[in-house]
Amino acid sequence: MPASPIIHRTVDDLRTAVAAWRREGHRVAMVPTMGALHSGHLELVRAARERADRIIVTIFVNPTQFAPTEDFGSYPRTEASDVAKLAELGVEAVFAPNANEMYPAGYATTVSLAGPAIGLETDFRPHFFSGVATVVSKLLIAGFPDVAMFGEKDYQQLMVVRQMARDLRLPTDIVGLPTIREPDGLALSSRNAYLSAQERQTATTISRAMRKAADAIRAGGDVEAALAEGRETLTAAGFRVDYLVLRNAETLAEIGDLAQEPRRMLAAAWLGKTRLIDNIAV
């Protein structure tokens, strides 16, 4: 059987382990997660192995990025099976703190954001990116990895983390990897487990609608018409659409010059009680 990763519950323990690796000259990668690991997470781990000698996977369901009405209490927590999956990939360490370790009594510091954090997700979840940026900064400072791996499925989050790491001069290279999808096109997400069998079939509409809109835009079609048709397709399929937009792929600002700017289409929509997000390059 493969060796199980060592599980660290405190920042001090993690730093002790990383210091020992550093003394041996090892390069360190971190893969931040909230657990409930799926194939997308495991691809991040495999990519981390290509870039580093030692890997830390963090497992922490971060309370500060959930609003009181959201799914913090029901978010899947599967640490034992997560660790078993990571053992198969030879991961050396798991950092799995509790909330008190990350936010002890009297904790009073958060990360304030602008730039790519403004709009889209924060129009609907205004608390979200402050919670994400705060916990990711704490994780990176806890382990000071050479590289940290994130999936492009959470594209705005990736842009926010990159901006934060640059602005705070954190010595970690933030690497984004392409979204991993099911064979029918649905982006992998831990929240897909919330979908009923019928909703799971319907969920593929989001990627199909985005691809159709992107094809129309690439062919020279009117951007707003293509996006409006995509929103109508989602609504007709039973989604409640938060947004389906085209943005600058680097800044997430609204497109000024369609011909010259890098472009990303981003979507968020509810299917029943499950909120799905996705994005594609255009």
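Does Phe124 count as buried, partly exposed or exposed, and at what relative accessibility? Phe124 has 39% relative accessibility and therefore counts as partly exposed; buried means under 20% relative accessible area, exposed over 50%, and partly exposed in between, with a 1.4 Å probe and protein chains only.

The model is predicted: local features need pLDDT of at least 70 and side-chain atom pairs pLDDT 80 or more, while totals for chains, interfaces and linings use all residues. Residues are numbered from 1 along each chain as its sequence is written, and side-chain values use heavy atoms, with hydrogens and water left out.

**Aromatic contacts**

There are 6 aromatic pairs in the structure. Rings of Phe, Tyr and Trp (its six-membered ring) pair if their centres lie within 6.5 Å; planes under 30 degrees apart are stacked, over 60 edge-to-face, and the rest tilted. One of the pairs, Tyr103 and Tyr107, is edge-to-face, at 5.2 Å centre to centre and 85° between the planes. Tyr103 counts as buried because its relative accessibility is 15%, and Tyr107, at 31%, as partly exposed. Another pair, Phe124 and Tyr243, has centres 6.1 Å apart and planes at 35°, so this pair is tilted. Phe124 lies in helix H5 (residues 121-124) and Tyr243 in strand E7 (residues 239-248), so the pair links parts of the chain 119 residues apart. Helices (H or I, at least four residues) and strands (E, at least two) are DSSP runs, numbered from the N terminus. Tyr243 is buried, at 9% relative accessibility.

Two rings have a charge over them, that is, NZ of Lys or CZ of Arg within 6 Å of the ring centre and within 35 degrees of the ring normal.

| Charged residue | Ring | Distance from ring centre |
|---|---|---|
| Arg77 | Phe72 | 4.8 Å |
| Lys138 | Tyr103 | 6.0 Å |

In soluble globular proteins, nonpolar side chains tend to be buried together.
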